[in-house]
Amino acid sequence: MEQNLGRILVIDDNEDVLFSAKMLLRKYAKEVVMEKNPKKIPFLVSNEEFDIILLDMNFSQDITSGQEGFFWLKEILKYDPSAVVVMITAFGDVEMAVRALKEGATDFVLKPWQNEKLLATLTAASKLRHSYKEVNQLRQVNRTLTAELQNQQPVITGESQAMRSLFSIIDKVARTDADILLLGENGTGKEVIARTIHQRSSRADKVFVTVDMGAITETLFESELFGHKKGAFTDAKEDRVGRFEAANGGTLFLDEIGNLSPALQSKLLTVLQRREIIRVGTNKPIPIDVRLICATNMPLKEMVQRHEFRQDLLYRINTVELNLPPLRERLEDIPLFADHYLQTYATKYKQPLKRLSDAALAKLRRYTWPGNVRELQHVLERASIMSDNRELQPDDFFFIPDEPAVSATAPAVFSNSQNLEDLEREAVQRAMQLHEGNVSKAAKELGLSRGALYRRLEKYAL
Ligand SMILES: Nc1ncnc2c1ncn2[C@@H]1O[C@H](COP(=O)(O)OP(=O)(O)OP(=O)(O)O)[C@@H](O)[C@H]1O
């Protein structure tokens, strides 16, 4: 038997029992903690995690009612409702043990125990503990996913001709299983559109899985995307399903596809051609049924000409190619977005609804919106917070004049300031410079999400 029983807590006031339990179990458990005094139970279970708790039914000598055992069982389950408690009971107390089962114990063993029987009981208990843990983990994942779904903002079609034709194509292609490539500047809504396509497809009741290709390192690429088997490499502590498998039956959204290195492009191409993946550390192909949507803000066709992006990969992913126009080419969409966001922020900040004055709208229409809808959203949020007026005026909106982007060839000058904002600005600037403007990589370097980095880029006008 492997050492797979995890951390075991044994509580018994008889030192001989504790000692023999320890001698037997230490070979099979990660750790055996012994405790004579049941009053320590609350402290122990609230501060440490135990996979199995072996609990005596009777503590004070000569008292055999088992009441103490029931009391402590209840206490343990109060702290950890999924605790796995095996009762230790003397021969003849079977009735009490059965009552303990009804009150939440997992099993019981009779004293003096037979080693093999005790090990068999604890092995079964350990399996149960694993299942409880798995269920808890899945519940948490489910909660996170549900929250994410509820958080999703509705898509706004827009009034511009460009967006209306885009949405009529989306309605047509969403129902097919065609792979789609979304092209457009940062913040034009590629991810929103990808989710919309999924929601309008026959896979809508299945999952939508996103992968930020710009943020995945070369070493983790295969394991992240295709999964791995326990022990395949040093950190592979357990079997793991990759994003392709997780998206099986649903839609896989590969964002920032233009950032993939040539080596990774060819790995991805192989999987897309074969429509099967092989988990790292195995050689068993697993068939994959995903609808693929890729997105990038990079000029893939030019990259193909410069041999920076594989032509065969481009042909694989662009069965249908959709271009998201920058906001400056669809300024007529601004009022609709503005209404939507002003309503959102009024609710979020518990303020009366604000509206744009004609002059403010005219100012928004004159701006070039390098950050597109994302920038519009932030500008409206800032104005909603800062302005005391119900009608937002041009002065409530200020734009930083276009500055050249931070470039690797023109190093930025850093100050010696100790002001926290200055330091943050410099860290952001440095990371952007280091990664030549690649937002995903810079965000990873800074330990931020892309959204959080975008907010800082905008805040510091970088
Ligand atoms: N049509 C739309 N309807 C509703 N919200 C939108 C729309 N387009 C963009 N947005 C909003 O703008 C922000 C940026 O959108 P999104 O993340 O989809 O852009 P993106 O093109 O994927 O950006 P990046 O290339 O930087 O990842 C989001 O907060 C999104 O809610």
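Tutor: **The open sheet**

Five strands make up an open sheet in the order 2-1-3-4-5, with parallel pairing. Strands here are DSSP runs of E with at least two residues, helices are runs of H or I with at least four, and both are numbered from the N terminus; two strands pair if DSSP finds at least two bridges between them. At the edges sit strand 2 (31-35) and strand 5 (107-111), each pairing on one side only. On average, neighbouring strands of this sheet are turned by 20° against each other, direction ignored. Bear in mind that this is a predicted model: local features need pLDDT of at least 70, side-chain atom pairs count only at pLDDT 80 or more, and totals for chains, interfaces and linings use all residues. Residues are numbered from 1 along each chain as its sequence is written.

Strand 4 (residues 85-90) runs parallel to strand 5 and is joined to it by five bridges. One to find on screen: V86 has D107 in strand 5 as its bridge partner.

Then come the helices. Helix 1 (residues 15-25) packs on the sheet and touches strand 1 (7-11), strand 2, strand 3 (52-56) and strand 5. A contact means C-beta atoms, placed from the backbone, within 7 Å. The direction of helix 1 makes about 180° with that of strand 2; axes are lines fitted to C-alpha atoms, for helices over the stretch in contact, and angles run from 0 to 180 degrees between N-to-C directions. Helix 4 (residues 94-102) packs on the sheet too, touching strand 4 and strand 5, and its direction makes about 165° with that of strand 4.

Technical notes: Contact = placed C-beta atoms within 7 Å.
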